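Subject: Structure handover

Hello,

Please find the structure below. My notes on what turned up in it follow.

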Amino acid sequence: MLENSVLEMRGIEKVFPGVRALQGVDFTLRKGEIHALMGENGAGKSTLIKVLTGVYAKDGGEIYLEGHDKPVHIKSPQDAQNVGISTVYQEITLCPNLSVAENMYIGRTKGVYQNWIKMNEDAKKQLESLRIPAEPTQQLGSCSIAVQQMVAIARAVDADCKVLILDEPTSSLDDQEVQKLFGLMRELKARGVGIIFVTHFLDQVYEVCDRITVLRDGQLVGEYEIQDLPRVQLVSKMLGKEMDDLSSIKDTSAEQQPIDEKEPVFEIYGLSSTAAVNPFDIKIRKGEVNGFTGLLGSGRSECVRAIFGADPVTSGKVVKNGKEVKIKTPIQAMKMGIGYLPEDRKVDGIIGDLSVRENIILALQVLKGFFHPFTKAQAYAFADEYIKLLDIKTASADTPIKSLSGGNQQKVILARWLLTHPEYLILDEPTRGIDIGTKTDIQKLVLKLASEGMSITFISSEIDEMLRTCDRLLVVRDRKVVGELSGADLNQNKVMSTIAGGESNE
């Protein structure tokens, strides 16, 4: 092993049916460092962590740990814990109905820890040494989420962990709670613990981390000292796009009405929600395609979910055609002429056991009321019209939607909302995971609908697709809207530098 390293992963391979999830990935963690593991959705971060913790069996490569003469073979999470690797996940996996001390020692209450007094005393020492503001006898559920995260970390540290994996630990924390967690991370770093920090928050990476490893498409892009990788270069490496590798994609040769002159249909002021998105403003203009762009986890989806009322709104107001309206729930949004195609079609979009026809008419039936069902003839006519319009490949309208390809499922959900004839249509990742032909069809349809006067918000992880489709982009970073781009500023360089925090590529 390299000097001062606590963990080395060499040539790690993982293959799933039809997919090479990890391709010869190397990763090195030093003693007493906080190391960010970065990459977009599907980059391989989670797979690498699961191989390291024994959730997945690796298909190639070796794992070396300090104190072991030979490669270690980790076949289960318990094996990982036994060799000093502990993980704290975004979702708290402790028992809120038990005390803090009980959570710290649950599953390890043998010998001395059958003595409750001794257990509480040792827990108190550990909590005090790590400066965690909790009492060993208090119920864990009475603690804040940040303190619960810290208790989970204390449990890992007490188990003599050498490698601590923190998987999105700050996603549910406010700024003050994040600082408390960072204080604990720095304390552990000073004790020589190696910390792998998985997060989507760029500001946090540059505040607390020493090095960064970037993965993309299951491959290692590189390993960098934090001072050697400006934010804009980190964004470039995560996305696989250098700053000048694309010319302008959107055709601006045709004379168009300036965006600011287009009529606003909806005006949104100071909107925020329980999903921790910071208050933002946006004007939704007639016949315009706007978009929210940013890295995965930046808050793009949370912004549009707040607009649609899919997450409880905590502040702000919505004005439609000059009059303030109330949109607190999806049904209120639908009645105001808003449609929403969600990011995860399998979880929030399709109802797998229902037919294509039933999925298409669902939203319009909700608006009409379930006590006023469509006639059979109406349902058949609606489904046939949109199957033909969107060229949905299905054996028949009676086919269960779960039998269709991903692209055709997406078209069915799109048909569902088009059938309601919305004034404003929100499309969150409408082209993710579908073939290039269907992707192009959806992009063309979006531009056609906008030319006919529909207002559209379009979200995609692919910047070139956003540039091809949108007239205006709102840039989101760390749950805040940090910029708005249109006209000459609507180019890849400007988008990436704004995502990175205004840095130039120097």
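I begin with the second largest cavity. His200, Leu202, Leu295, Ser298, Val476, Arg477, Asp478 and Ile499 form its lining. By class, that lining has 4 nonpolar, 2 polar and 2 charged residues. Its volume is about 40 Å³. Please keep in mind that this is a predicted model.

**Cavities**

The structure holds 2 cavities of 30 Å³ or more. The largest cavity has a volume of about 40 Å³. Its lining includes Glu40, Leu239, Arg300 and Glu462. Thr293, Gly294 and Leu295 also line the largest cavity, as do Ser460, Ser461, Ile463 and Ile499. By class, the lining of the largest cavity divides into 4 nonpolar, 4 polar and 3 charged residues.

**Aromatic rings**

The count comes to 7 aromatic pairs. One of them is formed by Phe280 and Phe292. How are these two rings set against each other, in distance and angle? Their centres are 5.9 Å apart, with 85° between the planes. The pair is edge-to-face, because over 60 degrees counts as edge-to-face. Phe280 lies in strand E11 (residues 280–285) and Phe292 in strand E12 (residues 289–293). The pair therefore ties together parts that are 12 residues apart in sequence. Phe280 is buried, at 2% relative accessible area. Phe292 is buried too, at 0%.

Phe308 and Tyr340 form another aromatic pair, and this one is tilted. The distance is 5.0 Å centre to centre, and the angle between the planes is 40°. Phe308 sits in helix H9 (residues 300–308), and Tyr340 in strand E15 (residues 338–341). So this pair ties together parts that are 32 residues apart in sequence. Phe308 has a relative accessible area of 5% and is buried. Tyr340 is buried as well, at 6%.

Arg357 lies over the face of Tyr380, at 3.6 Å from the ring centre.

**Salt bridges**

How many salt bridges does the structure hold? There are 24 salt bridges. Here are some of them.

- Arg20 forms a salt bridge with Glu13, and the closest N and O atoms are 2.7 Å apart. Arg20 is partly exposed, with a relative accessible area of 44%.
- Glu223 and Arg211 meet through their side chains in a salt bridge of 2.4 Å, N to O. Glu223 lies in strand E9 (residues 219–225) and Arg211 in strand E8 (residues 211–216), so the pair ties together parts 12 residues apart in sequence. Glu223 is partly exposed, at 38% relative accessible area. Arg211 is buried, at 2%. Glu33 is linked with Arg211 and Glu223 in a network of salt bridges.
- Lys402 forms a salt bridge with Asp353, and the closest N and O atoms are 2.6 Å apart. This pair links distant parts of the chain, 49 residues apart. Lys402 is in the loop between helix H13 (376–389) and helix H14 (406–418). Asp353 is in the loop between helix H11 (345–349) and helix H12 (356–368). Asp353 is exposed, with a relative accessible area of 61%.

Best wishes

Technical notes: Residues numbered from 1 in each chain as written. Predicted model: local features only at pLDDT ≥ 70, side-chain atom pairs only at ≥ 80, totals over all residues. Heavy atoms only, no water. 1 Å grid on protein atoms, 1.4 Å probe; cavity = no way out; pocket = protein on both sides within 12 Å on 5 of 7 lines; lining within 4 Å. Points joined across faces, edges and corners; volume = space filled by probe spheres on them. Nonpolar A, V, L, I, M, F, W, Y, C, P; charged D, E, K, R; others polar. Phe/Tyr/Trp six-rings, centres within 6.5 Å; stacked < 30°, edge-to-face > 60°. Helix = DSSP H or I, 4+ residues; strand = E, 2+ residues; numbered from the N terminus. Buried < 20%, exposed > 50% of the residue type's maximum accessible area, 1.4 Å probe, protein only. Lys NZ or Arg CZ within 6 Å of the ring centre and 35° of its normal. Salt bridge = Lys/Arg side-chain N within 4 Å of Asp/Glu carboxyl O.
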